[in-house]
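Please keep the sequence and the 3D view at hand while reading.

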Amino acid sequence: MAFWDNLWRGKAAQFDSGSASTNSIELTKRNPAVSLTKQGAATGNLRVNLSWRMRTSDIEGRSRQGGGLLRHPFKLFKPDVVQAHTLGVVNVDLDIGCMYELADGTKGVVQPLGGFFGSLNEPPYIKLSGDDRFGAPSGETIFINLDHREEIKRLLVFVYIYDRTPAFDRTHANVTLYPSNGPRVEIELDERAPQARSCAVFSMETVKGDLVVRREVKFVYGFQAELDRLYGWGLQWGRGYKTKT
């Protein structure tokens, strides 16, 4: 591991191999990085999927309130409310996005907001499949064309709450990377951040010839512009809206 000493801000990165039982790699605080090159997965289309659901602990918590389900059986089917600007039923719309910087210095973003869906076979070699507003099992997916990895300097994949309801702590969100070869890579947004509206999930860049994915999972209380400042992207941001469904 001496080759990786002083990598990533002076800390030694730890690289996992896939689990034989699940054929997956989970990036955690203790094991935050994986080399796609060493996994033989640095070519083809990398599929990055965001999925989410309400935390089961919310349902379990309701059974412990007010005497439990034996005394109030119908409370299980009553939607919870959260304190935001006003009281209302939680309705979270999570979006996935990707800031990119290419080798020629071009910078930009791929995200549903503003209709920046990107392109897979021409710059930026990143394509968003669509916008899931309801937490469907398929979630949202970004494709990254790693056959052009030498033209990509760095990427930052992030998730944000479009409707501005700060409810990351009420959802169970997971980002999974599906390389063209080798085990999938899973990153769980498992830290409670009740007031956060955005989260940097993972970064990707080539380090000494290896294409490395590093877990970030850093929550911020603002939106893309705050993530931009945190990672020094230098883009210009404006207010955007989605069309009504």
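## Basis of the report

This is a predicted model, in which local features need pLDDT of at least 70 and side-chain atom pairs count only at pLDDT 80 or more, while totals for chains, interfaces and linings use all residues. Residues are numbered from 1 along each chain as its sequence is written, and side-chain values use heavy atoms, with hydrogens and water left out.

Glu 216 is found in strand β15 and is buried, with a relative accessible area of 7%. Here buried means under 20% relative accessible area, exposed means over 50%, and partly exposed lies in between (1.4 Å probe, protein chains only). Helices (H or I, at least four residues) and strands (E, at least two) are DSSP runs, numbered from the N terminus.

Tyr 231 belongs to helix α3, which spans residues 224–231 and in which Gln 224, Leu 227 and Asp 228 are buried along with Tyr 231. Seen down the helix axis, the buried residues of α3 fall within an arc of 105° and so line one face of the helix, the arc being that of the directions from the axis to the C-beta atoms. The elements that cover these buried residues include β6 (94–102), β11 (152–161), β14 (198–207) and β15 (210–220), where contact means heavy atoms within 4.5 Å. Just after α3, Gly 232 takes a positive phi of about 65°.

## Strand β11 and its partners

Strand β11 is largely enclosed by the rest of the structure, because 9 of its 10 residues are buried. β11 runs antiparallel to β6, with 9 bridges between them, and Cys 98 stands opposite Val 157 of β11. With β14, strand β11 pairs in the antiparallel sense over 7 bridges, and there Tyr 160 stands opposite Ser 198; two strands count as paired if DSSP finds at least two bridges between them.

## Nonpolar cores

A nonpolar core is a set of buried Ala, Val, Leu, Ile, Met, Phe, Trp, Tyr and Cys residues joined through side-chain atoms within 4.5 Å. The largest one has 44 residues, of which Val 48, Ile 144, Phe 202 and Met 204 touch the most other members. A second, separate core of 12 residues includes Leu 113, Leu 156, Leu 227 and Tyr 231.

## Backbone features

Val 217, which is found in strand β15, has a positive phi near 45° although the residue is not glycine. Val 217 is also buried, at a relative accessible area of 4%, and, leaving aside neighbours within four places in sequence, its contacts include Ile 187, Leu 189 and Cys 199.

In the loop between β8 (118–119) and β9 (126–128) lies Pro 124, which a cis peptide bond with omega of about 10° joins to Pro 123. Tyr 125 has its place in the loop between β8 and β9 as well; Tyr 125 is not a glycine, yet has a positive phi of about 65°, and is buried at a relative accessible area of 6%.
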